[in-house]
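This briefing is meant for someone meeting the structure for the first time. Please keep the sequence and the 3D view at hand while reading the points that follow.

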Amino acid sequence: MLELAERVDEIMAGPAWQGPTLIFRADDDPLITTAQTDRLLELHPNCEYRTIRTGGHPLLISRPADYIALVTGFLSAT
């Protein structure tokens, strides 16, 4: 882990992941801001982006059926 931390500047200077990408969040997530989401969308302009109206930050715990449906649907389509 220390080796990875020492290379963080090098890693961050490289291009963002260019493969299939799913980004989703809950509209009421208190931890992930709109600015952070916008930055992810900027880094991955061809991503599939979805929102869930409620569920807070831990969607896998608070909305497991919705979380699994989003991920499996995305994986099945790619």
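A search of the whole structure, which is a predicted model, finds one aromatic pair. Phe24 and Tyr67 form this pair in an edge-to-face arrangement, with 5.3 Å from centre to centre and 75 degrees between the planes. The pair links distant parts of the chain, since Phe24 belongs to strand β1 and Tyr67 to helix α5, 43 residues apart. The points below take up the strand, the core and a loop residue in turn.

- Strand β1 covers residues 22-26, and because five of its five residues are buried, the strand is largely enclosed by the rest of the structure.
- In a regular strand, side chains alternate between the two faces of the sheet.
- Both faces of β1 are covered, with Leu22, Phe24 and Ala26 buried on one side and Ile23 and Arg25 buried on the other.
- Strand β1 runs parallel to strand β2 (residues 48-52), and five bridges join the two.
- Within β2, Ile52 is the bridge partner of Ala26.

**The largest nonpolar core**
- Nonpolar side chains tend to be buried together in soluble globular proteins.
- Here the largest nonpolar core is made of seven residues, namely Leu22, Phe24, Ala26, Ile52, Leu59, Leu70 and Phe74.
- Two or more residues of this core come from each of the elements β1 and α5 (64-77), and β1 gives the most, with three residues.
- When neighbours within four places in sequence are left aside, Ile52 is in contact with Arg25, Ala26, Asp27, Leu59, Arg63, Asp66 and Leu70.

- Pro20 lies in the loop between α2 (8-13) and β1, and because its relative accessibility is 54%, Pro20 counts as exposed.
- Not counting residues up to four places away in sequence, Pro20 touches Phe74 and Thr78, and Phe74 is itself one of the residues of the largest nonpolar core.
- Pro20 and Ile68 are 48 residues apart along the chain, and their C-alpha atoms are separated by 17 Å.

Terms used:
Residues are numbered from 1 along each chain as its sequence is written. This is a predicted model: local features need pLDDT of at least 70, side-chain atom pairs count only at pLDDT 80 or more; totals for chains, interfaces and linings use all residues. Side-chain values use heavy atoms; hydrogens and water are left out. Buried means under 20% relative accessible area, exposed over 50%, partly exposed in between (1.4 Å probe, protein chains only). Helices (H or I, at least four residues) and strands (E, at least two) are DSSP runs, numbered from the N terminus. Two strands pair if DSSP finds at least two bridges between them. A nonpolar core is a set of buried Ala, Val, Leu, Ile, Met, Phe, Trp, Tyr and Cys residues joined through side-chain atoms within 4.5 Å. Contact means heavy atoms within 4.5 Å. Rings of Phe, Tyr and Trp (its six-membered ring) pair if their centres lie within 6.5 Å; planes under 30 degrees apart count as stacked, over 60 as edge-to-face and the rest as tilted.
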